There are 2 protein chains.
Amino acid sequence: MTSRQSWTFPELKMSLPQWISNALPERGHQFDSDESKMMLAITLSKLNCEYGTGGPFGAAIFNAKTGTLVAPGVNLVQSLGISGAHAEMVSIALAQKTLGFLDLGSDPNTSYELFSSTEPCAMCMGCITWSGITRLVCGANDADARAIGFDEGVKALNWIEQYKQRGISVDLGICQEKAASVLSKYKEHGGLIYNGRASIFN
Amino acid sequence: MTSRQSWTFPELKMSLPQWISNALPERGHQFDSDESKMMLAITLSKLNCEYGTGGPFGAAIFNAKTGTLVAPGVNLVQSLGISGAHAEMVSIALAQKTLGFLDLGSDPNTSYELFSSTEPCAMCMGCITWSGITRLVCGANDADARAIGFDEGVKALNWIEQYKQRGISVDLGICQEKAASVLSKYKEHGGLIYNGRASIFN
């Protein structure tokens, strides 16, 4: 008899890049407008390209009542080697761990809003509905992402209407030009377009 | 001047429960049918309930050519406190880290198939398209999940057709009764239905 070969699996870890802390305002800083919140998400998307830590996507979750940042996120697909590590997924998981509860819609004192530098792909669109987030604000749109070769996936055409029915409001096109500019620069500089099946779509 | 308050964020870790290794056949075991592969996913879903490590969902990714297991997955939403930690997401990330490459569709020697004890929710449906997996096999269907109060999210009605166009085949209803039985037993035993916005949907 041969000895039984045991299984070992890698531990999955997601950590934000070290540069992130320096890119954030002081803790407790009150963001006073949608534009200022979106500009943080866009800045993260830009720095993520410049530092080479991932794709051109940033996100940030805010306490809607206080206007303070709860959790940032950047795309870590390439650096982690995990295709689920999109900016929105990272920020949602971090917000849940930071706040200590799963349903971000269950806080009686406030609600939580997600700012994403680009409209979420199908996966992130799905995850948002599990997070309890009640407001999604987007910069660049699906067409901007597709224009540089990224695929947004299989999304219901009426997802925004379905979000509304679930109590999630959506605002599109906040600082869109600035957000889309990060995408086009990423492409111009030869950034990797890393769709799962790049061979099919590019 | 007050000193600048620095940011620290929790590290996100996902580890499989310790019981998993004992629930798997010896490494290298060749699964010889869709049913045997699905029964592994269903067994994982059942044990995940019995050990109290998460919701009633299991998944497993196989090397389609050799029939060997690459990465199992179970739902870890409650134990990790992360709403993205669905069985399919865990197994995809583990497969990518285990194999050492992001695009599971890029291996010239084989392809990879995901067996899920229940039809994927919107998020997992999105993630599968980024993973390079070319075949999805499901046990229980959306209706079975909804029957016990789980929400499958905002999915395009023609997602299977859209998968086909992306080179991903889908087989539904493999060992469906056994898979659905795990769901109904979970509900009978008072298992938590932890949709993000439980207050709205239950």
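These legends go with close-up views of a predicted model.

**View 1. Where chain A meets chain B.**
Here's the interface between the two chains: 56 residues of chain A are in contact with 56 residues of chain B. On the chain A side, the elements that put in two or more residues are β1 (12-14), α4 (87-99), α5 (122-131), α7 (159-165) and α9 (198-201). The top contributor to that side is α5(A), with eight residues. Sort the chain A side by residue type and you get 26 nonpolar, 20 polar and 10 charged.

**View 2. A strand pairing across the two chains.**
Zoom in on β1(A) and its partner, strand β1 (residues 12-14) of chain B: three bridges join them, and the two run antiparallel. Look for the two lysines here, with K13(A) standing opposite K13(B) in β1(B).

**View 3. The open sheet of chain A.**
This one is a five-stranded open sheet in chain A, ordered β3-β2-β4-β5-β6, and its pairing is mixed. At the edges sit β3 (69-74) and β6 (169-171) of chain A, each pairing on one side only. Going from one strand to the next, the twist averages 15 degrees.

**View 4. β4 beside β5 in chain A.**
Strand β4 (residues 112-118) of chain A runs parallel to strand β5 (residues 135-140) of chain A, and five bridges join the pair. To pick out one of the bridge partners, find T118(A) and look across to A140(A) in β5(A).

**View 5. Helices against the sheet.**
Helix α4(A) packs on the sheet, where it touches β2 (58-63), β3 and β4 of chain A. Its direction makes about 145 degrees with that of β3(A). Another helix to look at is α8 (residues 176-188) of chain A, which lies across β4 and β5 of chain A. Relative to β5(A), helix α8 of chain A runs at about 60 degrees.

**View 6. The surroundings of A59 in chain B.**
Over in chain B, A59(B) has its place in strand β2 (residues 58-63). Is A59(B) buried or exposed? A59(B) counts as buried because it has 32 C-beta neighbours inside 10 Å, and the cut-off for buried is 20 or more. Leaving out residues up to four places away in sequence, A59(B) touches A41(B), G73(B), A87(B), E88(B), S91(B), L114(B), F115(B), S116(B) and S117(B).

How values were computed
Residues are numbered from 1 along each chain as its sequence is written. Chains are lettered from A and ligands numbered from 1 in the order in which they are written. This is a predicted model: local features need pLDDT of at least 70, side-chain atom pairs count only at pLDDT 80 or more; totals for chains, interfaces and linings use all residues. Two residues are in contact if their C-beta atoms, placed from the backbone, lie within 7 Å. Helices (H or I, at least four residues) and strands (E, at least two) are DSSP runs, numbered from the N terminus. Ala, Val, Leu, Ile, Met, Phe, Trp, Tyr, Cys and Pro count as nonpolar, Asp, Glu, Lys and Arg as charged, and the others, Gly among them, as polar. Two strands pair if DSSP finds at least two bridges between them. A residue is buried if 20 or more other C-beta atoms lie within 10 Å of its own, exposed if 12 or fewer, and partly exposed in between; C-beta atoms are placed from the backbone. Axes are lines fitted to C-alpha atoms, for helices over the stretch in contact, and angles run from 0 to 180 degrees between N-to-C directions.
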